[in-house]
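Please look through the structure before reading on.

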Amino acid sequence: MKIIGLTGPSGTGKTTLSDIATSLGYAIIDCDKVAREVTTNPQLLSTLENEFGGVVINGVLDRKALAEKAFANKDSTERLNSIMLPIISAAIDEKIEKLKIAGVEYLLLDAPTLYESGENKRCDAVIALLASEEIRARRIKFRDNLTPSQLDSRLKAAKPDIFYKERAEYTLYNNGDLSELQTEALNLLKKLKER
C-alpha cells in the first residue's frame, strides 16, 4: 500500500483535497474523525477531564470547551497532543491494517498533526496544504462558529508555514481558487500514484 500524508494547519482545505483524492481512487483516513471516534472512550474522557477540567459533560466531550482550553497556549496544546496522539495513532494503525487486508492500494492520511504524532514515518510522501492566515481565519470562523477570542487562540496555536514547508516533500496552496487547487492536486496525486 502506498500512503500519502496530508497535513497543514486548520482551515487550509484538507477535506477538499481529500475529496479530490477520493475521486482518484484513494482511500482516506481522516485523523480528525479518528480523534472524534476515540473520545467516546470513558478512560480517555476521564483523563481529559482531569487534565483540563470542565470539558466532559454527562459523559460526553465538549469539544468547544476542550479547544478553548487546549488552544489557550502552546503548553496546553502540547499537553493535549501528549494525551491524544498515542491513542489516535493506535486507532490509525488498526484502520491501515484493515485497509491492507481489504487490498487497498492507495491511502491518503489526512493528519493535521502528522509530524507531531510520528505518522509521517509511515508515509511514502507528504503533501502540506497551506493558505494565508486571513483566508484560514475566515474558513475556521465559518466552519466552527467561533468567537473572535476562540479564533485568535486557534490561529496562535497553529504551527507556522515554515514548519510544514521544511518537512513535506510537496506544498500546495489553497488561497481561494478552487479550480486551481483541483488542477494542482489532481496532477500531484496522479503523479504520486504512478511514482
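## Strand E6

Strand E6 is covered on both of its faces: Ala125, Ile127 and Leu129 are buried on one side, and Val126, Ala128 and Leu130 are buried on the other. The model is a predicted one.

## Neighbours of E6

E6 pairs with strand E1 in the parallel sense, over 4 bridges.

## Strand E5

Strand E5 covers residues 106-110 and is mostly covered, with 5 of its 5 residues buried. Tyr106, Leu108 and Asp110 point one way from E5, while Leu107 and Leu109 point the other way. The residues on both sides are buried, and they include the charged residue Asp110.

## Neighbours of E5

Strand E1 (residues 2-7) runs parallel to E5, and 5 bridges join the two. Within this pairing, aspartate 110 in E5 is the bridge partner of leucine 6. E1 therefore pairs with E5, and E1 also pairs with E6.

Strand E2 (residues 27-30) pairs with E5 too, in the parallel sense and over 4 bridges. Here the bridge partner of alanine 27 is leucine 107 in E5.

## Helices H7 and H8

Two packed helices are described by the angle between their axes and the distance between the axes. Helix H7 (residues 133-144) and helix H8 (residues 148-157) pack at an angle of about 130 degrees, and their axes are 10 Å apart. Angles from 65 to 115 degrees count as roughly perpendicular and those over 145 as roughly antiparallel; H7 and H8 are therefore oblique to each other. Their crossing is right-handed.

Which residues of H7 and H8 meet? From H7 they are Glu133, Arg136, Ala137, Ile140, Lys141, Arg143 and Asp144, and from H8 they are Leu151, Arg154 and Leu155. Sorted by class, the contact of H7 with H8 has 4 nonpolar residues, 6 charged residues and no polar ones.

Methods
Residues numbered from 1 in each chain as written. Predicted model: local features only at pLDDT ≥ 70, side-chain atom pairs only at ≥ 80, totals over all residues. Heavy atoms only, no water. Buried < 20%, exposed > 50% of the residue type's maximum accessible area, 1.4 Å probe, protein only. Axes fitted to C-alpha atoms, helices over the stretch in contact; angles between N-to-C directions. Parallel < 35°, antiparallel > 145°, perpendicular 65-115°, else oblique. Left-handed = near helix turned anticlockwise from the far one by under 90°. Contact = heavy atoms within 4.5 Å.
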